[in-house]
Amino acid sequence: MSRSLHRPSRVLATVLCLAGVAAAGCSASRSAEQQHTSARAEGQGIGRTSGDAAPSAPSYGRGTPPLGTPAERLSHAVHGKTVMVVGDSWAANLGQGMSAVAAGHGTVVNAGLGGCGIRLPEGDDVPERCRGWQKTWPSYLKKYQPDASVLMVGYWDVEPQRMKAGEEPKDITSAPHRAAFTAHLKRAVDLLTASGRPVYLMTSPLVTKSQVSDSARAMNQVLREVDRERTDVRLLDVTGQLCNDVECPAEINGISVYDPTMHLAPKARDRIAAWALNSIFDPA
């Protein structure tokens with residue numbers, strides 16, 4: 001029997017309001033939150049790499065990016081399932097989109113937190129609310145027992161930061177910063193897979209002048225490396241849903257992709273949300 005949409009505790013609902021989404025999305029009267037992010041995985045939607053060579057970035061060609069799946073094509077395999085979404089404001093948007101398309105069918109635990117990531121620099125003032133993920137995520141897993149978790153951290157962790165006080169801010173194209181992100185990512189994966197359920201990592205679609213930024217490419221390479229190393233990790237390739245090898249267009253097949261805050265606009269968000277849920281629970 002399918003379960004109705006579950007809105008998490010007041011703490012998690014507050015998280016949605018901190019995520020930089022439209023004010024309407026924070027209204028306590030809304031029965032289904034909305035907004036999202038996601039991906040086309042390398043090939044089918046879930047990327048797996050094999051062999052000893054370092055995983056390379058896929059080629060998306062020059063055609064029109066697929067922009068997910070129409071929301072009305074949500075797979076029956078999603079019914080009765082619980083998914084937990086963690087990460088930054090794009091993760092929060094993802095959780096809202098999943099809630100919108102899965103309302104009445106599944107449970108979405110939205111723990112996305114705007115302005116936060118998993119890289120914890122010492123040189124910048126990191127809000128206290130951003131430092132608690134190593135404690136809060138295990139508590140959410142215990143409480144909600146999701147069938148799968150989704151992690152997306154594309155903005156905070158891609159942007160330049162100071163890892164030590166007084167140093168010049170750098171992004172993860174810098175080797176020390178990449179190493180710090182990699183270490184925290186592996187810690188996050190360990191926490192999210194401790195229950196024996198898989199975690200789905202989402203690539204970053206952060207763009208500069210309509211193309212994926214160098215720092216986002218560096219992050220995506222790390223995600224692919226972790227995906228390759230572990231059997232309990234799957235890759236959901238957001239970039240491949242929104243971009244081709246030439247650009248990440250602002251409009252796809254007449255659908256506006258981004259809202260004024262550079263998160264996904266509602267229709268695009270819901271298509272990506274449906275695609276992500278289908279990729280997780282019905283990947284064939």
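Is Trp-137 buried or exposed? Trp-137 is buried, at a relative accessible area of 6%. The legends below describe close-up views of a predicted model.

**View A. The aromatic pair Trp-133 and Trp-137 in helix α3.** The count of aromatic pairs comes to one. Its ring centres, those of Trp-133 and Trp-137, are 5.0 Å apart, and the ring planes meet at 40 degrees, so the pair is classed as tilted. Stacked planes would be under 30 degrees apart and edge-to-face planes over 60. Helix α3 spans residues 133–144, and because Trp-133 and Trp-137 are four residues apart in this helix, about one helical turn separates them. Trp-133 is buried, with a relative accessible area of 4%, and Trp-137 is likewise buried, at 6%.

**View B. The open sheet of five strands.** The strand order is β2-β1-β3-β4-β7, with parallel pairing. The edges are taken by β2 (107–112) and β7 (233–236); each has a single partner strand, so one side of each has no neighbour in the sheet. From one strand to the next, the twist averages 20 degrees.

**View C. Pairing of β3 with β4.** Strand β3 (residues 148–152) runs parallel to strand β4 (residues 199–202), and three bridges join them. Opposite Tyr-200 in β4 stands Val-150.

**View D. Helices α5 and α7 against the sheet.** Helix α5 (residues 214–229) lies across β4 and β7, and runs at about 145 degrees to β7. Helix α7 (residues 266–281) packs on the sheet and touches β1 (82–87), β3, β4 and β7. The direction of helix α7 makes about 120 degrees with that of β1.

Notes:
Residues numbered from 1 in each chain as written. Predicted model: local features only at pLDDT ≥ 70, side-chain atom pairs only at ≥ 80, totals over all residues. Heavy atoms only, no water. Phe/Tyr/Trp six-rings, centres within 6.5 Å; stacked < 30°, edge-to-face > 60°. Helix = DSSP H or I, 4+ residues; strand = E, 2+ residues; numbered from the N terminus. Buried < 20%, exposed > 50% of the residue type's maximum accessible area, 1.4 Å probe, protein only. Pairing = 2+ DSSP bridges. Axes fitted to C-alpha atoms, helices over the stretch in contact; angles between N-to-C directions. Contact = heavy atoms within 4.5 Å.
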